[in-house]
Amino acid sequence: MRVNEYSTLEEFTKEYIGIWNPSEGHWFGLDFNYNGAVYRLNTGSMYQQTNTILPDGRKALFGIYQLYNSTNTDYNYELLGEYADINDLLSSTVIDNRVFSEVIMDDSTEILGKD
C-alpha cells in the first residue's frame with residue numbers, strides 16, 4: 001500500500017526551491033520516514049549560522065539529516081550530506097546507498113511534516 005503523498009517527482013521539486021513561502025507551497029524543511037528511520041531535508045544549515053561552502057566553491061543549499069536521538073522536547077540530527085542545488089540533492093546516495101530521487105518517491109516513504 002502506498003503511503004507516500006508525492007505522486008510525481010515534480011511535486012516534490014516544486015516545493016523545495018530555496019524560498020520559504022507556504023502560501024505558494026514552498027517549504028524549507030521536510031521530515032520523512034524511510035525504511036524505519038527518520039530523516040530531515042533542510043534548506044540551509046540546521047546548526048550553523050552560515051551555509052557551508054562545498055569543495056567546488058558552491059554554497060550548500062540543501063542538507064539531508066538523520067534523526068539519531070530524540071526526547072519529547074529535543075531532537076538531534078546527524079548531517080549525512082549537503083548539496084548546492086536540487087539536481088545534486090536528487091542524485092545523492094547518502095540514504096541506504098539509494099538515489100535520493102528514488103527514496104523520496106518510494107511508496108513506503110511517509111511524509112511526517114513540512115515547515
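Is Asn-97 buried or exposed, and what is its relative accessible area?

Reply: Asn-97 is exposed, because its relative accessible area is 64%, and the class "exposed" begins over 50%, while buried means under 20% and partly exposed lies in between (1.4 Å probe, protein chains only). The model is predicted, so local features need pLDDT of at least 70 and side-chain atom pairs count only at pLDDT 80 or more, whereas totals for chains, interfaces and linings use all residues. Residues are numbered from 1 along each chain as its sequence is written, and side-chain values use heavy atoms, with hydrogens and water left out.

Asn-97 is located in the loop between α2 and α3. Helices (H or I, at least four residues) and strands (E, at least two) are DSSP runs, numbered from the N terminus. The backbone of Asn-97 has a phi near 55°, which is a positive value in a residue other than glycine. Most residues other than glycine have a negative phi. Asn-35 also has a positive phi, near 60°; this residue sits in the loop between β1 and β2. With a relative accessibility of 58%, Asn-35 counts as exposed.

Arg-98 is likewise found in the loop between α2 and α3. Arg-98 counts as partly exposed, because its relative accessibility is 27%. Leaving aside residues up to four places away in sequence, Arg-98 touches Tyr-34, Ser-92, Thr-93, Val-103 and Asp-106, where contact means heavy atoms within 4.5 Å. Trp-27, by comparison, is 71 residues from Arg-98 in sequence and 24 Å away in space, C-alpha to C-alpha.

The largest nonpolar core has 21 residues, a core being a set of buried Ala, Val, Leu, Ile, Met, Phe, Trp, Tyr and Cys residues joined through side-chain atoms within 4.5 Å. Phe-12, Leu-30, Phe-32, Phe-100 and Ile-104 have the most contacts inside this core. At least two core residues come from each of β1 (29–34), β2 (37–43), β3 (62–70), α2 (86–90) and α3 (100–105). The greatest contribution is that of α3, with 4 residues. In soluble globular proteins, nonpolar side chains tend to be buried together.

The chain has 3 helices and 5 strands, arranged along the sequence as α-β-β-β-β-α-α-β. Buried residues make up 37% of the 115 residues.
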